[in-house]
Amino acid sequence: MRGSRDTKPGKHARVRKYGAELQRCQLEATPVEQGDYHPLKPIIVTDSRSRRGGRKGSTSSSSSSSSSVAMDPLSSMMEGTDPLSLFAAASASEVPTLSHSSSSVELGRKQRENEDEVGADFEPWSAKRGEILSRFTTTEKLSINLFMGSEKNKASSPSSAVSEKVRTRLEELDDLEEGSQRELLNLSQQDYVKRIEELNQSLKEAWASDQKVKALKIVIQCSKLLSDTSVIQFYPSKFVLITDILDTFGRLVYERIWSMCSDPRPQPDSFSVEDVNDTAKETCLNWFFKIASIRELIPRLYVEAAILKCNRFLNKTGIQETLPRLTAMIRGIGDPLVAVYARAYLCRVGMEVAPHLKDSLNKNFFDLLASFRQIHSDTVQNQLVIQRVEIPVYLTLYSPAIHWILQCVAYRAPDVLLTEMMERCKKLGNNALLLNSVMWAFRPEFVAARATDFIGMIKDCDEAGFPKHLLFGSLGRSLACADPAESERLPILNEAWKVITKVRSPQDYINCAEIWVEFTCRHFTKREVNTVLADIIKHMTPDRAFEDAYPQLQSVMKKILTYFHNFSVLFSMEKFLPFMDMFQKDSVRVEVCKSIMEVFIKHQQEPTRDPVILNALLHVCKTMHDSVNALTVEDEKRSLALLINGFIRMVSFGRDFEQQLSFCVEARATFCNLETVIIQLIHTVNQLAMETKRVMGGNHSRKTAAFVRACAAYSFITIPSLTSIFSRLHLYLLSGQVALANQCLSQADAFLKAAVSILPEVPRTISVEGKQRSSEAFLLDFINSFLSTLLVVPDHPEQGVLYLVRGLLNMVQDYTWEDNSDAKVRVYISALPLLAAMSQENYLYTIPKVDSNETLYGGDPKFVAEISRLCETLIGQVLDHLKTLGREEGVRRQGSIAFALFSVLLAHGDLRNNKLNQLAVNLWNLSHKNGYCETRTSVRTLEHIKQQAQQPELSHLSDMLLRLSLQSRA
Amino acid sequence: MSVILDIRLKRANKVYHEAEVLAGVVVITSKEAVQHQGISLTMEGLVNLQLSSKSVGVFEAFYNSVKPIQLINSNIEVAKPGKVPGGKTEIPFEFPLQVKGNKVLYETYHGVFVNIQYTLRCDMRRPLLAKDLSKTCEFIHVLQPQKSKVQPSPVDFTISPETLQNVKERNSLPKFLVRGHLDATNCVITQPLTGELVVESSEVAIKSIELQLVRVETCGCAEGYARDATEIQNIQIAEGDVCHGLPIPIYMVFPRLFTCPTLETTNFNVEFEMNVVIVLHDDHLITENFPLKLCRV
C-alpha cells in the first residue's frame with residue numbers, strides 16, 4: 001500500500017464556488033433557426049390527381065397530373081399515390097354519383113358484388129353454434145339408431161320382389177358393415193355428443209381410407225337421425241351436432257373433386273366449368289346420382305344440401321337451380337320442427353355458397369309462413385303430450401332456426417322487403433314466435449322505427465304459447481342498438497314496462513328488465529332510471545330472488561354506469577344504494593364496487609368534495625377494502641388499492657385543509673389493511689402540507705404552522721404501521737424533507753432519526769416481484785439520497801456536532817452487510833462529498849427560512865476541523881478496506897474502489913494539500929496497477945483534469961497530471 | 001412373374017354413341033419381358049333375356065333361358081405375336097363402334113330379365129405353359145339423341161277413395177283427397193321427372209308419400225311371353241303429416257344404367273311406370289300408377 005496509510009491528510013475539502021461553477025458548466029444557449037427543413041417535420045404529399053385515375057391505379061397511363069410538394073421517394077414510385085390512399089380513394093368514390101363516372105358499369109358491378117358478399121356484419125353460424133348447444137340440453141335418455149346395410153328389408157316392402165341383381169347392387173352400395181344395425185339406447189346427453197363425434201371421426205377415417213361409400217352411408221344415417229323428434233328439447237342441439245358432420249362431408253367431397261382437377265389447378269374460388277376436366281365432372285355427377293337415389297326424404301335433402309357447392313363443377317346455373325328445388329322439397333317434411341331446421345340448414349348453406357341468391361331465402365321464409373299452422377296440428381300436439389313438453393318450451397325450440405332464417409333473409413335486405421315480411425307475419429295473426437324472430441333478426445334501426453307498431457302487435461298476441469316477456473326482451477334488444485323517434489320513446493317505455501312489471505317469475509322478470517335498462521338509461525334521466533330501479537328492487541327482494549340473478553343485476557349496474565358518469569347524479573338516485581344492497585354475495589359485491597370505482601376513476605375529471613359522492617364512494621371503497629383477508633392474493637390487493645388510491649386522489653376540499661386532513665384520518669382508519677392506500681394517504685398529507693406552504697407563500701401563520709405540524713404528526717404515527725421497510729425509509733425521508741420545508745425542525749429531526757434508527761432492520765434480501773433479491777442496491781440508493789438531504793438539516797442544539805451524519809455512519813458501520821461486499825466502503829466514499837459540501841462557506845442548496853449548519857456555525861474552525869477528522873476516519877476506513885482487498889482475490893474490486901475514491905478526492909478534495917495530493921496519485925496508481933481499469937474512463941479523467949487545470953485556482957492540478965500516467969496492461 | 005393387363009378408355013364416363021370410336025390404351029404391366037402370340041380386342045354387344053320363375057316353372061327358368069341375342073361382335077388385333085418389354089407398356093387403340101348389316105344397337109340397360117351390355121375384351125394369347133390373359137371392360141352405349149321434339153303430355157290426377165280400384169271395403173277407407181299433376185309422362189331420360197302434388201285433405205294423418213319407379217320387362221319365348229314388373233327405385237317425397245293445401249314437388253332423377261329409352265322389339269320389351277304411393281298412418285297403402293315413355297332427346 002506504499003505507505004499511504006501513514007499519510008495524514010490535514011485538510012480538507014477544496015473551496016467551491018457553486019455559482020461560478022454552474023455558470024461555467026452551462027451550455028451556451030443558441031437559438032435554433034426555424035428553417036424550412038426539420039428532420040421530424042412530416043413530408044406533405046399533396047395529391048391532386050383525379051380520384052378516378054387513382055382508383056384505376058395501374059391502368060391509368062395518362063401523364064400524371066399529380067404535383068407533390070415534397071416528392072418522397074416512396075410515393076414517387078407509386079406514381080404519386082400510395083396504396084393506402086388509393087384504397088381510401090376507391091372506397092370514397094364508390095358511394096357517390098354513378099352516372100358521372102366513365103366506368104359506371106364496372107363500378108356498378110363492383111357495388112353489386114359488394115352487396116352480394118357476406119360482410120363482417122353478418123353474424124356467422126359458428127357464433128350461434130355454441131349458444132344453441134348450451135341452451136338446448138336434456139337430462140332424458142337418448143338413442144341413436146343406425147342401420148348399416150339393413151336397408152333392403154325396408155326397401156322391398158311396398159311391392160313385390162326386388163330382383164336379385166338389384167338386391168346385390170344395393171348390398172354393394174350399402175354393405176360395408178354387414179348387419180351392423182346398431183341401436184344405442186339410453187345414452188345420456190354427453191354420451192350422445194360423444195357418439196356423434198365418433199361418427200364424425202369415423203367419417204373422416206373412412207374418407208381417408210378411400211371408403212367413399214361407407215362415408216356416404218355414415219352421413220346418410222346421421223342425417224336420418226334428424227327425422228327423429230323424440231326428446232324434442234334436445235333437437236336443436238342435435239341439429240347442430242349433425243350438421244357439423246354434414247359440413248365435414250360437404251367439405252371432403254368438394255376438396256376431393258377439386259383435387260381431381262388436373263394441374264394447373266383452378267383457383268379455389270373463381271373457376272369456371274371449363275376449367276374442370278372430365279374425370280372430376282364424372283365423379284361429381286356420380287355423387288349427385290348416388291344422392292338422388294337415396295330413398296328417404298330427409299337424408300336426401302340434407303346430403304344434397306351439404307354438397308351444394310359441388311354444383312359449381314358441373315355448370316354455372318347448378319346452384320341457382322338446385323336451391324329453389326331443395327327449398328320446395330322441404331315442403332314434404334311433415335314435422336314442422338324438422339322442416340324449420342332443414343330450412344335453416346339450407347339457408348345456411350345457401351348463404352355460404354351463393355349469398356346473392358336471395359330469392360330462395362325469401363321463398364324459404366314464405367314457405368315457412370305457409371306451413372306455419374302445422375305447429376298447432378294434432379300430430380304435434382299429440383307428440384307433445386306424449387313427451388310431456390309444454391307449448392311455450394316447445395315454441396322456443398323454433399327460435400334458433402327462425403332467427404337464423406330471418407337473419408339471412410334480412411341481411412342487407414331493402415326496407416320494402418322487410419315491411420312486406422312483417423305484413424305477412426301480421427296476416428298470420430301476429431304469431432308471437434314469428435314476431436320474436438322478426439325483432440331478433442331484422443335491423444335494429446328498422447325495428448326501432450316501428451317500435452310503436454311492434455308494441456301494438458305484441459299486445460295483440462294471445463297469451464297462451466309464446467311468453468310475452470320474451471317478446472319485449474327482443475324488442476328491447478333492438479331498441480338498445482337503435483333509437484326510436486324522440487316523441488315515441490316515453491310511450492314505448494311506459495308500454496313495455498307495464499308488461500314487464502307484471503311478469504311473475506323473478507328470473508323471467510330480471511332477464512327482460514335487464515334489457516330494458518339500457519333503453520331507459522340511454523334516453524331518459526335519473527328519474528326514470530330511479531323508477532326502474534325501484535321496480536327491480538320490488539321484484540327481486542321477495543324470497544331473496546336476487547340471489548339467483550346476480551349476473552343480470554350486475555349487467556344492469558354496468559349499463560347504468562355506462563350511461564351515468566356524473567356521480568353526484570348517480571348517487572342522488574334514491575334507489576341506487578338500495579339497489580347496490582341487493583348484491584349480498586361478497587364476491588359479487590366486490591365485483592360491483594370495483595366496476596363503480598373503475599368508472600369513477602375513468603370519468604371523474606375534477607376533484608370533488610361533494611359529501612354525497614364522498615360518503616357513497618367511501619362506503620363502496622370500504623366494501624372493497626373489507627373483502628381483503630389473509631387469503632386475498634397479491635394481485636387482487638393491488639388492483640383494489642389502485643382503485644381506492646384513485647378515489648383518494650380525486651378527493652379535494654379545496655382550501656379547507658383541515659377537513660382534508662380529517663378525511664385522511666378517517667380514510668386511514670377505514671383502509672388500514674391496504675398498505676398501498678396508507679402510503680398514498682401519507683403522500684396526500686405531505687402534499688397537503690406543501691400546499692399549505694404554497695398558499696401561505698412560505699410564511700406560516702400560527703394556525704398553519706400548527707396545521708403542518710399536525711400533518712407531520714399524522715405521517716409520523718402512520719409510517720410505523722407499514723410493513724415494507726423501504727416504504728418506511730423513503731416515507732420518513734420524504735416526510736422529513738416536507739417537515740423541513742415547513743420549518744418544523746424538531747419534526748424533521750424526528751423523522752430522520754427514525755429513519756436512521758430503523759436502518760439496521762433492513763433485511764439483506766427483499767422480495768422483488770416474487771424473487772429474492774439483495775437489498776444492497778436499494779439501501780445504497782436510499783443512503784445516498786438521505787445524505788444529500790442531511791446537508792441542509794441543521795444540527796440539533798442539544799446534540800453534538802453532525803449528530804445525524806455520525807449516527808448514520810455508525811449505523812452503517814454496525815449494519816451486517818453481505819460478506820464480500822464493498823457497500824459499506826461505498827457509503828463512506830459517498831459520505832465524503834457531503835462532508836466536503838458541509839465545509840463550504842455557502843452551501844450548494846438551502847431551504848428558505850431554515851438555517852443550515854453554514855449559518856449556525858458560520859464556518860467555525862472547530863466545525864471544519866470536526867469535519868476533517870471525520871473525513872480522515874472515513875478515508876482511513878476505505879484504505880483499510882483496500883488493503884484487505886489487496887490480499888485476497890479482490891484486486892478488481894480494489895481497483896474500482898480506489899478509482900472511486902480518487903474521483904471523489906479529485907472532485908471535492910483540496911489537492912494543494914501535498915499529502916492529499918500524494919494519496920490521490922497513489923490511488924490512481926493503485927487503480928491502474930492490475931490493469932482492470934477501463935482505459936476510456938482513465939483517458940477521459942485525464943482530459944478532465946487537464947481542463948480543470950486551466951482554471952487559475954486549480955493550476956496545481958497540472959503538476960499532478962504529470963505524475964498520473966496511463967499504465968499499460970503489461 | 002405376374003403380368004397385369006388392363007384397358008383404359010379415354011372417356012371418363014365410358015359413354016359412346018353409335019359410329020363413334022372407342023379410343024384408349026391397353027396397358028401391360030410386368031416386371032419382365034412378356035412373350036405373347038398376339039393381343040387382340042373384341043367388342044361385343046349382347047342382350048341377355050331371362051325368364052322369370054313366375055311365368056314359367058322354376059326349373060324351366062333355370063334351364064330354358066333364352067339364347068342371348070348378339071348385337072355386335074367385332075375383333076381387331078392390337079399387337080402381332082412378339083415380345084412386350086418389361087415395365088409398363090401402353091398400346092393405344094381406336095375401335096369404331098359400328099354395326100354390321102342392318103342390326104340395331106340398343107342402349108345399355110341393366111335390368112332383371114333383360115340385360116343389354118356392351119363389353120370390350122382384350123386377349124393376350126401366350127405360348128405353351130403360360131395362361132392366356134384376358135381383361136374385360138364394360139362400356140356404355142347410348143343412342144344418338146333424337147332430333148324430334150317430344151310432346152310433354154302432362155297428366156293431372158286426383159286420388160280419393162272414389163277413384164281407387166281394387167278396393168274390398170270401400171266404406172272402411174278414411175276420407176282423403178290428393179290432387180296433383182305430372183309435367184310429362186313422355187320423359188326425357190336425362191331430365192328428372194317433375195310435377196306437383198297437393199294433399200287437400202286427409203282424415204288420417206299421412207305417414208309418407210313415395211315415388212316408385214318400376215320397370216316392366218316382357219320377354220317373348222316359345223311358350224308365349226312373360227311380362228314382369230319390378231321396382232327400380234323408391235323415392236320418398238313427403239314424410240310425416242305434411243301441410244295440407246301446400247304443393248309438394250314431385251321430383252325424380254332417372255338412374256343411369258337401370259333405365260333406358262322405352263324399348264319395343266320383336267323379342268322383348270322394356271317399359272317403365274311410376275307409382276305414387278301414399279302411406280297413411282293406419283298403414284293403408286294407396287297407389288296410383290302412371291305409365292311413362294322414356295326417350296332420349
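Student: How much of chain A is buried?
Tutor: Buried residues account for 51% of the 970 residues in chain A. Keep in mind that this is a predicted model.

Student: And what about secondary structure in chain A, how many helices and strands?
Tutor: Chain A has 46 helices and four strands.

Student: What share of the contacts in chain A is between residues 24 or more positions apart?
Tutor: Counting contacts with a separation of 6 or more, 73% are between residues 24 or more positions apart.

Student: OK, on to the core. Which residues touch the most other members of the largest nonpolar core?
Tutor: That core has 306 residues, and the ones touching the most other members are Phe365(A), Tyr394(A), Trp516(A), Ile536(A) and Phe647(A). Helix H15 of chain A, residues 336-353, supplies the largest share of this core, with 13 residues.

Student: Which residues are in the second core?
Tutor: The second core is separate and has 79 residues, including Leu22(B), Phe95(B), Met252(B) and Leu263(B).

Student: Let's pick on Ile536(A). Where does Ile536(A) lie?
Tutor: Ile536(A) is in helix H26 of chain A, which covers residues 526-540.

Student: Buried or exposed, and why?
Tutor: Ile536(A) has a relative accessible area of 0%, so Ile536(A) is buried.

Student: What does Ile536(A) touch, apart from residues up to four places away in sequence?
Tutor: Ile536(A) touches Tyr509(A), Ile510(A), Ala513(A), Val517(A), Leu553(A), Val556(A), Phe579(A) and Met582(A).

Student: How far apart are Ile536(A) and Phe579(A)?
Tutor: In sequence they are 43 residues apart, and in space 8.2 Å, C-alpha to C-alpha.

Student: Which helix is Phe579(A) in?
Tutor: Phe579(A) belongs to helix H29 of chain A, residues 576-581. Its relative accessibility is 0%, so Phe579(A) counts as buried.

Student: And what is Phe579(A) in contact with, leaving aside neighbours within four places in sequence?
Tutor: Phe579(A) contacts Leu533(A), Ile536(A), Ile537(A), Leu553(A), Val556(A) and Met557(A).

Student: Switching to helix packing. At what angle do H30(A) and H32(A) pack?
Tutor: About 45 degrees, with the axes 10 Å apart; H30 is residues 586-603 and H32 is residues 634-650, both of chain A. The two helices are therefore oblique to each other.

Student: Which residues make that contact of H30(A) and H32(A)?
Tutor: From H30(A), they are Val590(A), Lys594(A), Met597(A), Glu598(A), Phe600(A) and Ile601(A). From H32(A), they include Leu640(A), Leu643(A), Gly646(A) and Phe647(A). By class, the contact of H30(A) with H32(A) has nine nonpolar, two polar and three charged residues.

Student: How do H31(A) and H32(A) cross?
Tutor: H31(A), residues 611-626, crosses H32(A) at roughly 165 degrees, and the axes come within 10 Å. That angle is why H31(A) is roughly antiparallel to H32(A). The crossing of H31(A) past H32(A) is left-handed.

Student: What makes up the contact of H31(A) with H32(A)?
Tutor: H31(A) brings Leu614(A), Leu617(A), Leu618(A), Cys621(A), Met624(A) and His625(A), while H32(A) brings Leu640(A), Leu643(A), Ile644(A) and Phe647(A). By class, the contact of H31(A) with H32(A) has nine nonpolar, one polar and no charged residues.

Key
Residues numbered from 1 in each chain as written. Chains lettered and ligands numbered in written order. Predicted model: local features only at pLDDT ≥ 70, side-chain atom pairs only at ≥ 80, totals over all residues. Heavy atoms only, no water. Axes fitted to C-alpha atoms, helices over the stretch in contact; angles between N-to-C directions. Parallel < 35°, antiparallel > 145°, perpendicular 65-115°, else oblique. Contact = heavy atoms within 4.5 Å. Nonpolar A, V, L, I, M, F, W, Y, C, P; charged D, E, K, R; others polar. Core = buried A, V, L, I, M, F, W, Y, C linked by side-chain atoms within 4.5 Å. Buried < 20%, exposed > 50% of the residue type's maximum accessible area, 1.4 Å probe, protein only. Left-handed = near helix turned anticlockwise from the far one by under 90°.
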